[in-house]
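Here is a short report for a first look. Start with the sequence and the fold, then read on.

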Amino acid sequence: MTEKDWLASLPPPLLQVEDLSFYYGDQVGCLDINFQLYPGEVLGIVGESGSGKSTLLNCLSGHQPPSSGRVMFDHRQQGLVDLFALSEPERRLLMRTDWGLVRQNPRDGLRMNLSAGGNVGERLMAVGARHYGHIRGQAEQWLGRVEIASDRLDHLPTTFSGGMQQRLQIARNLVSQPRLIFMDEPTGGLDVSVQAKLLDLLRGLVRDLNIAAIVVTHDLAVVRLLADRLLVMRQGRVVESGLTDQVLDDPQHPYTQLLVSSVLQV
Amino acid sequence: MCKPYSGYNYAYLDEQTKRMIRRALLKALAIPGYQVPFGSREMPLPYGWGTGGVQITAAILGPKDVLKVIDQGADDTTNAVSIRRFFENLAQVKTTEDPRAATLIQTRHRIPEMPLQEQQVLVYQVPQPEPLRSLESSEQETRKMHGYSEYGLMQVRLYEDIARFGHIATTYGYPVMVNERYLMSPTPIPKFDNPKMHLNPCIQLFGAGREKRIYAVPPYTQVRSLDFDDHPFSIQTWPQACDLCGDQHSYLDEVVLDDQGGRMFVCSDSFHCQSRQQQGHLGARQRQEEQAHD
């Protein structure tokens, strides 16, 4: 098999980002971002605060139209489409069916006044599920998959611990069987043992369900465990990219070297 | 002494305001269930007492109209009496308690038990026009949800009811789908009255004064109460019949009689109950009283 044949045999990319830039007035949010994400692949985006990670995530997840450049997505029905050329209802439907968004603070991603079951069932009802028993059954099954006891199904998320809330948020997003999930600092604010458990769970789910994921974090340990590939951002630009182990073990750019060497060793 | 209400325009509102409200009403009738914004005016009664309903009534009332005002099903409660007197004085209209004789009925919390006809208008007083308000606090977001028909969240509220109480425990303001397009709050009428909205020959108008919204259900429009396949919509039922008129199919109010646990159930629709009694229907309590007299 020649290299050309091998490239042709690859599935088409799920997400394709072309020359994406975003400006806040004349301030650069992110500049000339290019990458491709393939089905089932986990991409980590790391960088310090203010490096444009969250701006980039907002553009990619359809919440903020970029100043220039395109975000192409492999739509189930329409094939490769420009995300911001879709109509708003189409984009919103995509966001609550084929995509997931796990926020850093579970209180932003959950409906705190609805029970755990209602939170998980919301996406099912949004696409027309109208059988209470089936919805509840699925909610219960998903709570099981994220290791929440089924007797907590009718409890409010306010009665859950931080780690449980984060797991509930993951279940709420995965119930619609998305192909792409965005995670913004999924382990922020959790203590290390809970972090480790959550990462383990996430890694299992992403592998089992073959979900592509984009994980934005400043925590290098998180990407080491989760991500296949890595983008290192600084001042709105991608300064280095490559396989995770390659970037972390043999950093080329001075900033990446600084970042890797800044991690505290215990 | 001059007449108490001299110096006001016919039916209180000025003609430009009435035109503005009528335009909103026409738009509302053209898009069943859609909430049309309108320039709600200050009325000489407090918000929450029916300022929206009063403005709609004032905008469409004419000298030939016959007006009935209902408050919680009754014609003789404070709100009904004051609004009726307001229009008697300011619009010189005839008023009635008989829903069959009325051309215009303003109501709070009930739809009359007697079926309504074409040529009749039913005006509802609406405290909160947005059915999604308790679930989504952003007005911008709820408007998008209406625009794109994203109504899954309303279903989540019913899900929560079943999860918590074992059945859909919402008994009033039960959300409905109008013409299979717009989700609508039917105002705080009991869900008992929801089926009456479906394919009703009369015009149903809804006015929310504080929230500045008007919406409408034109005659013979589909109105479907939301439910689940395995928890279908059902209306309230009572084991008792009305203690005064013996009706087994009307909406009953529980009336506490003493501090010994004495209570009775009577029709909430006062005219319906009285006319049945005049026709000779008697409830348990009436029969007891008759026996005591004999």
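## A covered helix

In helix H2 of chain B, the buried residues are B:Thr51, B:Gly52, B:Gly53, B:Val54, B:Gln55, B:Ile56, B:Thr57, B:Ala58 and B:Ala59. Buried means under 20% relative accessible area, exposed means over 50%, and partly exposed lies in between (1.4 Å probe, protein chains only). The helix spans residues 51–60 and is mostly covered, with 9 of its 10 residues buried. Helices (H or I, at least four residues) and strands (E, at least two) are DSSP runs, numbered from the N terminus.

## Basis of the model

This is a predicted model: local features need pLDDT of at least 70, side-chain atom pairs count only at pLDDT 80 or more, and totals for chains, interfaces and linings use all residues. Residues are numbered from 1 along each chain as its sequence is written, chains are lettered from A and ligands numbered from 1 in the order in which they are written, and side-chain values use heavy atoms, with hydrogens and water left out.

## Chain A as a whole

Chain A has 11 helices and 10 strands. Its C-alpha atoms fill a box of roughly 55 × 50 × 50 Å along the principal axes.

Of the 266 residues of chain A, 50% count as buried. Among contacts in chain A with a separation of 6 or more, 66% join residues 24 or more positions apart. Contact means heavy atoms within 4.5 Å.

## Aromatic pairs

Over all chains, the whole structure holds 15 aromatic pairs. Rings of Phe, Tyr and Trp (its six-membered ring) pair if their centres lie within 6.5 Å; planes under 30 degrees apart count as stacked, over 60 as edge-to-face and the rest as tilted. A:Tyr132 and B:Tyr159 are tilted, because their planes meet at 40°, with ring centres 5.1 Å apart. This pair crosses between chains, from helix H6 of chain A to helix H5 of chain B. Both A:Tyr132 and B:Tyr159 are buried.

B:Tyr34 and B:Tyr182 form a tilted pair, 5.5 Å centre to centre and 55° between the planes. B:Tyr34 lies in the loop between helix H1 and strand E1 of chain B, and B:Tyr182 in strand E7, so the pair ties together parts 148 residues apart in sequence. B:Tyr34 is partly exposed at 26% relative accessible area, while B:Tyr182 is buried at 12%.
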